[in-house]
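Subject: Handing over the model

Hi,

Here is the structure I said I would pass on. Could you load it and read my notes alongside?

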Amino acid sequence: MGMEEKAKKLLILYASETGNAIDAAERLGRQAERRGCPVSLLSIDDFDPSSLPDQEIVIFVVSTTGQGDNPDSIKVFWKFLLQRNLTQNWLCRVSYAVFGLGDSSYQKYNFVAKKLDKRLSDLGAIAMVERGLGDDQHPSGYEGALDPWMSTLWKALYQKDPKLFPKGPELMTSNMSLMDQPKVQITYHDVAEGTLNFSSTPDVKLLEMQIESTRFILPGKLSGKYSPDCFLKMVKNDPLSKAGCGKDVRHFEFEAVSSTIEYEVGDVVHILPGQDAAAVDAFIKRCNLNPESYIRVEPKDNKENEQSYDLRNTLKSPVRLKTFVELAMDVASASPRRYFFEVMSYFATAEHEKERLQYFASPEGRDDLYEYNQKERRTVLEVMKIFPLFVLEDFPSVQMPFEWLVQLVPPLKTRAFSISSSHSAHPNQVHLTVSVVSWTTPYKRKRTGLCSSWLAELDPQKRVLMPAWFQKGSLSAPPPSLPLILVGPGTGCAPFRGFVEERALQSQSVQLLPSFSSLVVEMKRMTSYTEIFGCFIHKRVESFLKKKVVAFLLPSPETSNRRFTCSIK
C-alpha cells in the first residue's frame, strides 16, 4: 500500500501553440513537486483520451489561438470528447481543474478553456476550483491570474486528498534540492568521431537527419512528425508593396529539392526559419562552448523526476553543437521564461546578483519582469547581456551550464504560412504571399518577425535549403461549379491566389457558372491586385465571365484616411 501511495502522481496535461501553456504547466508541476507531490506532465496529444475515466485528478492547461481556435495538440483529444456515445456520467469519478491562456482583446477570449470546462462537466467530471483565465492584456500577462489560481488549487487538492501534500499545501521544500541538477544530460563526442559519422552523407540527407534528431527533444508532437516532408529552395523573392508605404509584402516561390510535394489550395506550410549566424556565434561564445564539438542530449537517469519533464526522446546520433543551437534553440527572437531567471539566481555566487535575479523570479517582481522581459520581447541574447552567463565584467559570478540552457532556452519553432498557389498549376512548387512582421515596443525598440524577415533577406541564388511540413488548412476548395466571393484585406488574401489559379485551370475543361464573381480587396498603398498576388490575374479573369466592376469604400484602421477601395471584379 505504501508503494502505491508513493507512486501516485498528479497528472497535468497541456495544449500549447506558442509555448506559454507549456511554461504555465511546467510551473504548476514545479510548485506541486516543491510541496512534496510527484507530477506527471504531458502534452495532451501524448495522452490517451480513452483512459481519462481512470484518472482521479487531472489538471488542464490550455491556450486559445486565433479567433477561438484549438491548438493543434488538443484537436484529437477534443474530437474524442465530442463523441455522442459518451454518457453524462462517463467522467463521474474524475476531479479536474482548467487554466486557460488567452487574450481579452479577442472576441472569443479563452474560448478553448471555457468549452473544455463545460464539456468535462457535461460528462460528469467534478471541478475542484473555478477555471482560471490568464489574459495577455493583464499588466503581468497570464501570470497575473495564474498565481492566485494556483494558491486556490493547492488548497482544493489538499482537501481532496491530503496525501498529495504530506506536510500541507503551503509548506514548500528547499528549491535547491529540486534545482541542483538539470533534467537533461549532454554527452560530448570527439570532433573526429562526429565528422567520421557524416563525412559521406549527402547534404540533403544530412540536414534531414539533423532536423529529425534535434526535434526529438522538443515537447509535444508539434507538427506531428520530426522528419520534414521535404526541403525547399527559394527561386523567387519579389517585393509587392509600394516603396515607402510602411509595409513590406513579398511574393516567394519555392521548389522542392528532396522529393515531390503534395498539397491542396487552402493548405498551410510550416517552415523552420534560419537564425542569424552572428547571434548564434555570440550565444556560443558567451556560453564558452566549442561550436565544432559533437553532442548527444538525453534525459537524466532519475526516476524521481523523469515524468515531470516532457523530453521527447534522445538524439539518435551525435550532432554538432553549433548545428544543435541553430536548429533547436531560439536564441535570437524568443523571450526567456520566468523560470530562466530563477535558475540563473542559483548560479550567481555574488549576493547582489543573486538578489536581483531572485527579485525578478519572485511574485513581488513579477510585474517588473513582465515589463522588462515579455513586453519588450527581449531575447535570450539580450538578457544575457544584462545577466552574463560566464565571467564578464558586470556579473562575473553567474555561470550557467549548457545542460540548463538546453532545457530552458525556448525551442526554435516552425512558422505557419497559408499557401498562395495551386499545386495543379505549379506541380513542384509552393508560393507564399507574406507580410514581413515588424513592430515597435513600448520603449521604441524596433522588432521584426524571425521567419518573415529571414525569408525577405534570402537571395534565391544562394540555394538555401529549408525544411518544410505541410498541413491541411481550414479553407477547403469548393466544387468547380460553385460561384465564389473571396474577401480578405491586405495579405489576408494570400490563399485566394491559389483558389483563383485553381479555378482558372479548371475553367479550361469545366463549364463554370456565369454568375461567378471574385471580390478582391485592394489596399491603396499596394501597387495593384496583380502585384499583390504575384501573377497575371487580370489576364485570367476572362475565365470567370466578369461583367462589371463596382468600387466602394470600407473602414480600415490600416490606411492614413482609414479607408480603402474594394472592387468586385
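This is a predicted model: local features need pLDDT of at least 70, side-chain atom pairs count only at pLDDT 80 or more; totals for chains, interfaces and linings use all residues.

First a term: I call a residue buried when its relative accessible area is under 20%, exposed when it is over 50%, and partly exposed in between, using a 1.4 Å probe and protein chains only. Helices (H or I, at least four residues) and strands (E, at least two) are DSSP runs, numbered from the N terminus.

Residues are numbered from 1 along each chain as its sequence is written, and side-chain values use heavy atoms, with hydrogens and water left out.

Covered elements

Let's begin with strand S3 (residues 57-63). Seven of its seven residues are buried, so S3 is largely enclosed by the rest of the structure. Both faces are covered: Ile57, Ile59, Val61 and Ser63 are buried on one side, and Val58, Phe60 and Val62 on the other.

Which strands does S3 pair with? Strands count as paired if DSSP finds at least two bridges between them. Strand S1 (residues 10-15) runs parallel to S3 and is joined to it by five bridges; there, Ala15 has Val62 as its bridge partner. S3 also runs parallel to strand S4 (residues 95-102), with seven bridges between them, and Val61 stands opposite Phe99.

Helix H11 (residues 338-345) is mostly covered as well, with eight of its eight residues buried. Among them are Arg338 and Glu342, along with Tyr339, Phe340 and Phe341.

The antiparallel sheets

In general, strands of a sheet pair through backbone hydrogen bonds, either parallel or antiparallel.

- S8 and S17 run antiparallel and are joined by four bridges; Lys233 stands opposite Leu465 in S17.
- S8 and S9 pair in the antiparallel sense over seven bridges, with Pro239 opposite Arg250 in S9.
- Strand S9 (residues 249-256) and S14 are antiparallel too, joined by seven bridges; Val249 stands opposite Ser435 in S14.

There is also an open sheet of three strands, ordered S7-S11-S12 and paired antiparallel. Its edge strands are strand S7 (184-189) and strand S12 (319-320), each pairing on one side only. S11 and S12 are antiparallel over two bridges, and Ile295 has Val319 in S12 as its bridge partner.

Cavities

How many cavities of 30 Å³ or more are there? The count comes to three. On a 1 Å grid over the protein atoms alone, a cavity is a set of points where a 1.4 Å probe fits but cannot get out, and lining residues have an atom within 4 Å of a point. Grid points are joined across faces, edges and corners, and a volume is the space filled by probe spheres set on the points.

The second largest cavity has a volume of about 60 Å³. Its lining consists of Val265, Ala477, Pro478, Leu484, Phe499, Glu502, Arg503 and Gln506. By class that is five nonpolar, one polar and two charged residues, where Ala, Val, Leu, Ile, Met, Phe, Trp, Tyr, Cys and Pro count as nonpolar, Asp, Glu, Lys and Arg as charged, and the others, Gly among them, as polar.

Loops with positive phi

Asn288 is not a glycine, yet its phi is positive, near 60°. Asn288 lies in the loop between helix H9 (277-286) and strand S11 (294-299), and is exposed at 61% relative accessible area. Arg463, also not a glycine, has a positive phi of about 55°. Arg463 is in the loop between helix H16 (450-457) and strand S17 (465-471) and counts as exposed, at 52% relative accessibility.

Cheers

Conventions. On a 1 Å grid over the protein atoms alone, a cavity is a set of points where a 1.4 Å probe fits but cannot get out, and a pocket is an open set with protein on both sides within 12 Å along at least five of seven lines; lining residues have an atom within 4 Å of a point.
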